[in-house]
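Hi,

Here is the structure I promised to pass on.

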Amino acid sequence: MRQKIVAGNWKMNLDLNQGKALLLEILDSNINKDTLTIIAPPAIHLNSFNQMLSHTSIALAAQNCHQQDSGAYTGELSVGMLKSVGVEYVIIGHSERREYFMEDSLSLSFKVNNVIKHGLRPIYCCGETLTQRQEGEHFRTISNQIEQGLFQLNEMELLNCIVAYEPVWAIGTGETASPEQAQEVHNFIRKTIAKQYGDMVADNISILYGGSVKPANAKELFTCPDIDGGLIGGAALNAESFVAIGDSF
Ligand code: PGA
């Protein structure tokens with residue numbers, strides 16, 4: 001059975017005090033224990049959050065990492081550093097990183113490799129822009145992103161990855177892909193993986209949907225057969241809505 005996952009991507013929001021207050025609210029709520037809950041706060045919060053989350057079922061994710069283990073890379077964080085403060089998952093290739101930091105799937109493949117090498121799990125993001133969808137290029141865009149970013153891995157390594165499909169036009173816009181649109185792409189991603197690695201691998205990889213997920217639409221998305229949970233942005237900044245999304249399976 002594939003793991004059901006709800007991951008909150010806080011992006012560059014909330015200072016440490018605000019972040020701790022939100023985390024405490026989430027910890028005080030009854031989070032769904034059948035679902036893996038992951039929180040990706042700004043990197044500067046990770047160390048304190050690690051202490052706050054010991055003895056809880058919530059896992060910590062980083063929003064990015066560097067592909068090298070150490071060295072003269074001013075401003076960057078290595079996977080080893082993230083691991084040393086309790087990080088278990090790393091979001092790789094979010095569309096905001098692809099757009100604003102010029103990250104492409106080939107360079108992201110090096111980050112994926114480094115995350116895997118350190119025994120952490122990548123949450124690898126893919127998704128098309130509005131223009132790519134309107135031009136009928138979305139399937140090709142997504143298969144390229146998946147192949148270039150992940151297909152250097154062997155089967156066991158790929159099984160440690162989580163994929164997140166996030167149509168760029170649905171991120172932070174209030175515009176959600178319909179369950180049919182999302183399911184169609186999730187199924188396509190699973191088939192793309194199956195072609196390369198076989199059904200066993202494809203059937204065991206969790207594929208999350210991201211893009212304006214909220215309590216009002218989570219259930220119909222999460223009941224689609226190939227959607228195994230969500231990567232949540234805006235709605236993860238409110239304890240009540242984040243917890244409600246986790247209850248939507
Ligand atoms: P959103 O963001 O839920 O605010 O659309 C999702 C994401 O960027 O991961």
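**What I found**

Met-102 counts as exposed, at 64% relative accessibility (exposed means over 50% relative accessible area, buried under 20%, and partly exposed in between, with a 1.4 Å probe and protein chains only). Met-102 sits in the loop between α4 (95-100) and α5 (105-117); helices here are DSSP runs of H or I with at least four residues, strands are E runs of at least two, and both are numbered from the N terminus. The phi of Met-102 is near 55 degrees, a positive value in a residue other than glycine.

Before the rest, a word on the source: this is a predicted model, where local features need pLDDT of at least 70 and side-chain atom pairs count only at pLDDT 80 or more, while totals for chains, interfaces and linings use all residues. Residues are numbered from 1 along each chain as its sequence is written, and side-chain values use heavy atoms, with hydrogens and water left out.

Now the ligand. Residues around it (a heavy atom within 4 Å) include Asn-9, Lys-11, His-94, Glu-166, Ser-212 and Gly-233. By class, that shell has three nonpolar, seven polar and two charged residues (Ala, Val, Leu, Ile, Met, Phe, Trp, Tyr, Cys and Pro count as nonpolar, Asp, Glu, Lys and Arg as charged, and the others, Gly among them, as polar).

Which parts of Lys-11, Ser-212 and Gly-233 come up against ligand oxygen atoms? For Lys-11, a side-chain N or O atom is 2.7 Å from one. For Ser-212, a polar backbone atom is 2.7 Å from one, and for Gly-233 a backbone N or O atom lies 2.9 Å from one. Taken alone, the ligand exposes 280 Å², and the protein buries 95% of that (accessible areas come from the Shrake-Rupley method with a 1.4 Å probe).

Lys-11 itself lies in the loop between β1 (5-9) and α1 (16-28). Its phi is near 50 degrees, a positive value in a residue other than glycine, and Lys-11 is partly exposed, with a relative accessible area of 21%.

Last, is Asn-64 buried or exposed? Asn-64 counts as buried, at 18% relative accessibility, and lies in the loop between β3 (59-62) and α3 (79-84). Its side chain makes a polar contact with the side chain of Lys-111 at 2.8 Å (a pair of N or O atoms within 3.5 Å; within protein, one must be able to donate a hydrogen and the other to accept it, and residues adjacent in sequence count only if both atoms are side-chain atoms).

Cheers
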